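Subject: Structure for you to look at

Hello,

Here is the structure I said I would pass on. My notes on it follow below.

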Amino acid sequence: MTRSELREKIMTILYQIDLFENNNISYNIDDVIKDNMEIENEYVKDMVYGVITYKDEIDKIANKYLNDWTIDRIDSTGRAILRMGIYEIKYMDTPDIVVINEDIELAKKYSDDNVRKMINAVLDKLVNS
């Protein structure tokens with residue numbers, strides 16, 4: 001799988017976890033990953049566990065750069081994409097421009113134009129802060 005395809009899987013996993021948490025449904029992170037991945041992948045595990053581990057910090061960063069808005073008001077898919085992007089920029093070695101481009105492509109495919117613009121603005125402000 002390409003990194004783009006893996007990011008789409010990660011977005012799906014984070015989306016599902018978000019739904020489980022919002023509906024007080026218990027889950028096992030490894031089971032959610034296994035349900036979405038045919039084979040184990042370290043990049044996917046690192047990203048999923050990283051986003052979950054640093055979720056509060058990631059959300060604070062997002063809220064800092066969202067003008068008159070908060071991350072919890074963005075739809076679950078948009079939230080997953082934004083959290084992935086912030087995590088990858090802050091904690092991984094992926095070039096910032098790659099992260100932003102990949103996340104914008106996901107947002108074009110899965111979110112509306114307003115959410116795409118918010119994701120782009122937050123990631124851009126984060127990179128340039």
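Which residues of α6 are buried? They are V99, I100, E102, D103, I104, L106 and A107. Please keep in mind that this is a predicted model.

Helix α6 covers residues 96-110, which makes 15 residues. From its first C-alpha to its last, α6 reaches 21 Å, close to the 21 Å expected at 1.5 Å a residue. An α-helix has 3.6 residues a turn, so residues three or four places apart point the same way. The cover over the buried residues of α6 includes α1 (3-22), α5 (76-91) and α7 (113-127).

Next, the aromatic rings. A pair of them is described by the distance of the centres and the angle of the planes. With ring centres required to lie within 6.5 Å, the count is four aromatic pairs. One of these is F20 with Y27: the ring centres are 5.7 Å apart and the planes meet at 25°, so the pair is stacked, the limit for that being under 30 degrees.

Elsewhere, Y54, Y87 and Y91 form one aromatic cluster. Y91 also has a charged residue over its face: K90, at 5.8 Å from the ring centre. At Y43, the charged end of R3 sits over the ring, 3.8 Å from the centre.

Regards

Methods: Residues are numbered from 1 along each chain as its sequence is written. This is a predicted model: local features need pLDDT of at least 70, side-chain atom pairs count only at pLDDT 80 or more; totals for chains, interfaces and linings use all residues. Side-chain values use heavy atoms; hydrogens and water are left out. Rings of Phe, Tyr and Trp (its six-membered ring) pair if their centres lie within 6.5 Å; planes under 30 degrees apart count as stacked, over 60 as edge-to-face and the rest as tilted. A charge sits over a ring if NZ of Lys or CZ of Arg is within 6 Å of the ring centre and within 35 degrees of the ring normal. Helices (H or I, at least four residues) and strands (E, at least two) are DSSP runs, numbered from the N terminus. The expected span of a helix is 1.5 Å times one less than its number of residues. Buried means under 20% relative accessible area, exposed over 50%, partly exposed in between (1.4 Å probe, protein chains only). Contact means heavy atoms within 4.5 Å.
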